[in-house]
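Look at the two chains together before taking each apart. Begin where they meet.

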Amino acid sequence: MLSFTKFKVFSIYLILFFSVFFASLNLKNNNLIDKKVNLGLDLQGGSYILLEIDTKPLVSQKLQTKVIPIKKLLNKNKINFKNFTISSNNISLTIKAEKQKKFKNFFFQQQENTVNNFIPEYNKFELDLEFIKDKAFIKFSNFGLLSLNNAALKQSIEIIRRRIDDVGTKEPTILQRGDKRILVELPGIDNPERIKELLGKTAQLTFRLVSKDDGFGSEKLILSENNEELIVNKRVVISGDNLIDAQPQFDSQSNQPIVLFTLDRIGARKFGKITTENVGRRLAIVLDNSVISAPQIREAITGGTGTISGGFSFQESTDLALLLRSGALPAPINIVEERTVGPDLGKDSIDAGVFSLIVGFILVIIFMFIKYKIFGLVSNISLISNLFMMIGILTMLEATLTLPGIAGIILTVGMAVDSNVLIYERIKEELKTEKSIIHAFDTGYNKAKITVIDANVTTLIAAVILFIFGSGPVKGFAVTLGIGIVTTLFSAYFIARHLTSVIVLNDKHGKYFKL
Amino acid sequence: MNNKINFSKYFKAANIVSLLVLLISILFLFFKGLNYGVDFKGGTLLEIRIENKNIQIQDLRSSLDIPELGDVNVKQFGKEGDFLIKFEKNANENEKFITDLKNTVSKKINSAVNFRRVETVGPKVSSELLKQGVTAIILALGAMLFYIWIRFEWQFSLGAIIALIHDVIITLGIFSILSFEVNLSIVAAVLTIVGYSMNDTVVIFDRIRENLLKYSKIKTNEIADISVNETLSRTVITSLTTLLALFSIFILGGEILKGFSFAMILGVLIGTYSSIFVASPVLSYFKVTQKTLLKDDDI
């Protein structure tokens, strides 16, 4: 175990050299290789926001769009039906038993099916049909729900990305988490409230006429400016989908912040028609079930552009324009988890973490030197190499260092000496029975090997499980702990062993043998 | 360290103590339960810094007397003027909530307030995190059991796992007794304790196995004794260096790492104890002898 080929020695120190090189990349900005250890949000400050989409409203909305096609299908094929009702998650109707088979055939027709889309991805239909006696129940199949959900999630991520990019935060991370969640990480942000407001809004914009009578086709909504209750038609004149641009501006007369919007061709035509026919009536501009403003139509607006004024501050008009530009979310989104760390706390954490790392490191080094003298020195050199290798690997992987991650490094420092201690204690025992010093070292290293590996594998198991199940900062701990085990094995069995062999082979008289 | 300590003489007494402590821990865990943090209970956690250092904790408390928040918990956190506030309400139901709260508090206590950390966890996520944490710990125990079973005999595996469960339950029991907060980082600490304690146990087991093969006529108890003594200096030195590092984190690493490093310190102490006084006796209770090892084609 004490003999090293020249090639092996060269390789060991080459690896060490590269580790030091990579670790040094963190010191200052260099243009050579752009690699660095990333600081976690808990160290550099920033926001971690987990969003969850709520697809329930989307399901009932989509179900609503099936009503007319289903009725058409029934009428076209002369299938009589009664009691057509729609609830939030199913449609039910009564069909005579002898017609049920016929309906089923049309309902699950693969070609030219206008009602029930076939999803080739899953080889299934989006809707399910079930008969109980003469009642038929139509609802979304699991696969229909899944594809609805996936499409909504994808679209939401896209829109959220647009909103965040528009605000101009640096290096945001937007990722899908599971099948209903979106993870947003915003490093360096100190006021997440504005972003949270922007993320949480569905931003479903509709233009609807205000009506006088409180009937079936209308609903009561609150005008947010002055809490006036308005009766607004349910029928949508135009929606945010018809918008192609929105910009914040100042009104030329009142100098109030307003939002200027531009409609696409279809939207412009509809808007022109409605405003021509309804001069004198009020038009409600509704955003997510509250009326932003309800101005009176003074004249026909045919140019395809218009303004929204609602007593905004400049910030509000900027945000509204941003929301309208980025489009509406397909489904409401809720924040289910948020962790925000201010930049000053992050800095305090780094300072405390690094300071305790240095102190812990020095204490361990002093202890080892006192205990094992020259071999303690060897162990300390391998410990320092270990630290450089850890940082080097973290840099190479561009891993994220968190506060628990720093704790992981300190813990590794404490535990890394274990391998050397195991070996030295073993050698000590061997020296009691073995006359040849070289032989004692050789067997010592050999016999301790199994134990060292066993002992480290168990910690590695813990680190891997932690990495799989941990989230955020805790994952950072698992990363440093795991890397630490690998570098510990390397430094104990290559660096320390090589240094030991140099000492032992050059010290035939046993001068240094005060283990 | 050549001094021989007759550990096996104390095995029985130690096991009775262990059982007692274990029982107390279980009773506490069962009746008092753990003081779950926001991660596992849901709600909101704020770390704040108040500019005016003369503000007392009771002033802050009364400024937070807002029924909407639910159960509010305020405590000093590190330096003067730094406080940790926890309340039941999920602040994310309303995006402006935090801003409003900040204004309310700073107006009531008449000082600028800096919200240094805000964590809100919804009820669904917190129950998921708890489930994940428990799964991770159980999985880690299972994986260790499996590894030892492959590397040694089943008796060893059982001994190790009993020691690990002993460590985990007592550590959590102490957290319950002291009402210390249990959050995600404590789960990380418990998993590391599992790894560390296992590490310790494996070193002793390795030696027991070696000695069992070397001496065929000595009783298991004595083999355990010899092995524990032979590895004792290593056990002590490694525990010491690890504790040096941990105390450094505990004292100097800042408030956030306090709970984590405290759990680890407890775990290292309990883990070291259990490797010697819990894992090793199990082997003699199961009458592990040289024959047990030679039965299979092991090593």
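How many residues does the contact take from chain A and from chain B? The contact takes 57 residues from chain A and 59 residues from chain B, with two residues in contact if their C-beta atoms, placed from the backbone, lie within 7 Å. This is a predicted model: local features need pLDDT of at least 70, side-chain atom pairs count only at pLDDT 80 or more, and totals for chains, interfaces and linings use all residues. Residues are numbered from 1 along each chain as its sequence is written, while chains are lettered from A and ligands numbered from 1 in the order in which they are written.

On the side of chain A that touches chain B, α6 (192-200), β20 (333-341), α9 (343-396), α10 (403-433), α11 (437-469) and α12 (473-506) each supply at least two residues. Helices (H or I, at least four residues) and strands (E, at least two) are DSSP runs, numbered from the N terminus.

Strands also cross the boundary. β20(A) runs antiparallel to β5 (residues 113-121) of chain B, joined by 5 bridges; strands pair if DSSP finds at least two bridges between them. A:Val341 has B:Arg117 in β5(B) as its bridge partner.

Chain B has domain 1 (7-37 + 125-295) and domain 2 (43-121), with bounds from an automatic or database domain assignment. Their centres, taken over C-alpha atoms, are separated by 39 Å.

Now follow B:Met144. Not counting residues up to four places away in sequence, B:Met144 touches A:Thr458, A:Ile461, B:Ala160, B:Ile161, B:Leu164, B:Val194 and B:Met198.
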